[in-house]
Structures are given as structure tokens and as C-alpha cells.
Amino acid sequence: MVRPYFTLSAPDSCRDEGFLIYKNKLLTETAKIQSHLIPVLKTVSDPEIPVLSVLDLGVIREAIEENGIVKIKLTPTYSGCPAMDVIADDLKAAFSEISKKAEVELVLSPAWSTDWISEEGLQKMEEYGIARPLSESHDKDVLLGEKKMVKCPQCGSTNTHLVSQFGSTACKALFKCDDCQETFDYFKCLK
Ligand SMILES: [Zn+2]
């Protein structure tokens, strides 16, 4: 099954070789991922948000099999993110289960942004109880406490307020809903 975040509008040269071009929702960045590797990539998840696969997260820039070796280019969500070492090891382990050797290379530029998370990934994130990132300018407003825009993942209310700039990890902030009184993480916008 082709998921909605894979487009088949790949250049002919790529399509012939069984590539799918992965595009994020803003279509500003693309990743080249061979379609036969996708089922394995889907099994590798973000250790911090286990419902998100590395494809949902948009951290895979390239995945190509050459001479029996799977070569993967991985972009960290932010520099120094401890989850990336785990993801690299998990990728190698996932491919070794189907007797393939994988090499993982970190690609720092262009830098990952929250725009690279797929729409499906954002929905899974909300279902998991983490509020999705807002746009860059709205993100500033809510983190300065100037606007109430962060949607409570429990009840859907935007009557929420910032509790702490840092939630369970550095890339999240802690919010509280003034309607259902639940506290929850908000995934900060990262550009
Ligand atoms: Zn609520």
C-alpha cells in the first residue's frame, strides 16, 4: 500500500529503479527512498515518540541498496539529540533481521525542521497525547504566553497555558489545559 506521504511523481530515472520520492507536507525537501526498503524503515520508531516511525518523523534523507548494502542518510531532529544514536543502531538491527547490512551516515545540512514530520505523523503524535507544532511565529507567541493556540490533545480545547519551556525532553514544552486540567507536552516548532 502506498501511504499518502509518498508521491509517485518521481523523475522517470528514479521510478525505473523502484524509487519513491518522499516529500514533506510543504514539498520543500525531498528524500530518495527505495520502495522495497520502506517496510523495514516503517518498523523503526522514534525512541522518544514510539508511535512515530522514522518515515513519519522525516529524518530519513536517503535509503538505497547498493551491492547488497543498505546505505541510509539520516538527519538528526536537532544537533545533539540523544535519540539519533539509538535510531542509527535500530536501523542497522532492523536490516540485519532480514540479513542485510546497513550503513548509516548522519547528514546535518539541510537541518531537519518540524515541517518534515508527515501529516500522518502529526496525527499519530496527537493521538499519543502530544500537541503538534504550530508555525514558527505562532510557536513564539505561545511560548511567550501571548496567545492561546496550543490544542489540548485530550479534549481539543485551546484554552491552555504554558507551564514550562521544557517538557519531558528539550524539544517539547509543558502545557496545561484549563478545561480538562490535563498537562501535556507540546512539540516545539523547530526550523
Ligand atoms: Zn483539555
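## The nonpolar core

The largest nonpolar core of this predicted model has 38 residues, a nonpolar core being a set of buried Ala, Val, Leu, Ile, Met, Phe, Trp, Tyr and Cys residues joined through C-beta atoms within 7 Å. Those with the most contacts inside this core are Leu 41, Val 54, Ile 60, Ala 63, Leu 91 and Ala 131. At least two core residues come from each of several elements, among them α3, β4 (60-66), β5 and β9 (172-177). Helix α4 gives the most, with five residues. Domain 1 (6-116) and domain 2 (129-187) each contribute at least three residues; these bounds come from an automatic or database domain assignment.

## Helix α4

Helix α4 spans residues 83-96; helices are DSSP runs (H or I) of at least four residues and strands (E) of at least two, numbered from the N terminus. Its buried residues (20 or more other C-beta atoms within 10 Å of their own, C-beta atoms being placed from the backbone) are Met 84, Ile 87, Leu 91, Ala 94 and Phe 95. Seen down the axis of α4, these residues fall within an arc of 90° (taken from the directions from the helix axis to the C-beta atoms), so they line one face of the helix.

The face turned away from the buried side carries Asp 89, Ala 93 and Ser 96, which are exposed (12 or fewer such atoms).

## Basis of the model

Residues are numbered from 1 along each chain as its sequence is written. As the model is predicted, local features need pLDDT of at least 70 and side-chain atom pairs count only at pLDDT 80 or more, whereas totals for chains, interfaces and linings use all residues.

Conventions
The expected span of a helix is 1.5 Å times one less than its number of residues.
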